[in-house]
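User: I would like to go through this model and check what each label rests on. Please set the values against the cut-offs as we go.

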Amino acid sequence: MSRIDTAVESGSVKLLRFAPSGRRLWIVVGRDSEYWTDPELGFCSCKDFYFSSLTKGEPCYHLKSVHKAMLDDKFVAFEFSDDEYTAFLQALAQDSASQLLR
Ligand SMILES: [Zn+2]
């Protein structure tokens, strides 16, 4: 099995849905961190994305995993209220910043 299949099969792809707005955040659990991935924007918060996806145009492993999880309908969905959305974004932004500065 490929790394992507393994990630999808093991439930590493998480969808956070916020109600009532219907906003979504896709998270892929990696080896030592969680990555914020946006398949619609083609964005991911991992290092690979900054260092190779942006220059080569090749989606990173997290983006590929989310695409596969969407196709196979194999992701773990969580429901939250809109009140929590900002806190999630802040936590993700902080995580991403610390990843890149490491
Ligand atoms: Zn990534």
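User: How many helices and strands are there in the protein chain?

Analyst: This is a predicted model. The protein chain has four helices and five strands. From the N terminus on, these elements run α-β-β-β-β-α-α-β-α.

User: What makes the radius of gyration of the protein chain agree with a compact globule?

Analyst: The rule is 2.2 Å times the number of residues to the power 0.38. For 102 residues a compact globule would come near 13 Å, and the protein chain has 13 Å, so the value agrees. Along the principal axes, the C-alpha atoms fill a box of roughly 35 × 35 × 25 Å. Of the 102 residues, 34% count as buried. Among contacts between residues at least 6 apart in sequence, 55% join residues at least 24 apart.

User: Which atoms coordinate the zinc ion?

Analyst: The donors are C44 (SG), C46 (SG), C60 (SG) and H62 (ND1), at 2.1 to 2.3 Å. The cut-off for a donor to this metal is 2.8 Å, and the distances of 2.1 to 2.3 Å meet that cut-off. In sequence, the donor residues are spaced C-x1-C-x13-C-x1-H. Within this set, C44 in strand 4 and C60 in the loop between helix 2 and helix 3 are 16 residues apart, a pair that links distant parts of the chain.

User: Why is the site of the zinc ion called tetrahedral?

Analyst: Four donors count as tetrahedral if all angles lie between 85 and 135 degrees. The angles among the four donor atoms here are 102 to 117°, and the site is therefore tetrahedral.

User: Why do C44, C46 and C60 count as buried?

Analyst: Buried means under 20% relative accessible area. C44 is at 0% and therefore buried. C46 is buried because its relative accessible area is 3%, and C60 is buried because its value is 4%.

User: How many disulfides are there?

Analyst: The count comes to zero. A pair of cysteine sulfur atoms would have to lie within 2.5 Å to be counted.

User: How do you know what span to expect of helix 3?

Analyst: The expected span is 1.5 Å times one less than the number of residues. Helix 3 (residues 61-72) has 12 residues and reaches 16 Å from its first C-alpha to its last, close to the 16 Å expected. Helix 3 is followed by D73, whose phi is positive, near 55°.

User: Which residues of helix 3 are buried, and what do they pack against?

Analyst: The buried residues are Y61, H62, L63, S65, V66 and A69. They pack against helix 1 (3-9), strand 1 (13-19), strand 2 (24-29), strand 3 (34-38), strand 4 (43-44) and helix 2 (47-56). In general, an α-helix has 3.6 residues a turn, so residues three or four places apart point the same way.

User: Why does S65 count as buried?

Analyst: S65 is found in helix 3. Its relative accessibility is 0%, under the 20% limit, so S65 counts as buried. Leaving aside neighbours within four places in sequence, S65 is in contact with I4, A7, V8 and V13.

User: Is L41 buried or exposed, and what makes it so?

Analyst: L41 lies in the loop between strand 3 and strand 4. Exposed means over 50%, and L41 is at 67% relative accessibility, so L41 counts as exposed. L41 and S98 are 57 residues apart in sequence, and their C-alpha atoms are 22 Å apart in space.

Note on methods. Residues numbered from 1 in each chain as written. Predicted model: local features only at pLDDT ≥ 70, side-chain atom pairs only at ≥ 80, totals over all residues. Heavy atoms only, no water. Helix = DSSP H or I, 4+ residues; strand = E, 2+ residues; numbered from the N terminus. Buried < 20%, exposed > 50% of the residue type's maximum accessible area, 1.4 Å probe, protein only. Contact = heavy atoms within 4.5 Å. Donors = N, O, S within 2.8 Å, 3.2 Å for Na, K, Ca; no water. Tetrahedral: all angles 85-135°; square planar, octahedral: opposite > 155°, others 65-115°.
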